[in-house]
Amino acid sequence: MQTNDYISQELLDKFEFYNYNHALEILTQAFSEEWGEVTEMDII
């Protein structure tokens, strides 16, 4: 899977993301509620 499978294009346009040792997969599967809170934040 690629980074944009987990992170919206809006966030990708604002920040750099790196996926080390399947961290995004772990966050989205094991901590899906928390990951949802992080990705839904209003970021200025």
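I started with Glu40, which lies in the segment after α3 (32-39); helices here are DSSP runs of H or I, at least four residues, and strands are runs of E, at least two, numbered from the N terminus.

This is a predicted model, so I kept in mind that local features need pLDDT of at least 70 and side-chain atom pairs 80 or more, while totals for chains, interfaces and linings use all residues. Residues are numbered from 1 along each chain as its sequence is written, and side-chain values use heavy atoms, with hydrogens and water left out.

Is Glu40 buried or exposed? I found Glu40 exposed, at 63% relative accessible area (buried is under 20%, exposed over 50%, partly exposed in between; 1.4 Å probe, protein chains only).

Next I looked up Glu25, in helix α2 (residues 23-30). Glu25 is buried and has no salt bridge (a side-chain nitrogen of Lys or Arg within 4 Å of a carboxyl oxygen of Asp or Glu). The nearest side chain of opposite charge is Lys14, 23 Å away.

What does Glu25 touch, leaving aside neighbours within four places in sequence? I noted contacts with Met1, Tyr6 and Asn19 (heavy atoms within 4.5 Å).

Last, the whole chain: I counted 3 helices and 0 strands. Buried residues make up 18% of the 44 residues.

Conventions: Lys and Arg count as positive and Asp and Glu as negative; His and the chain ends are not counted.
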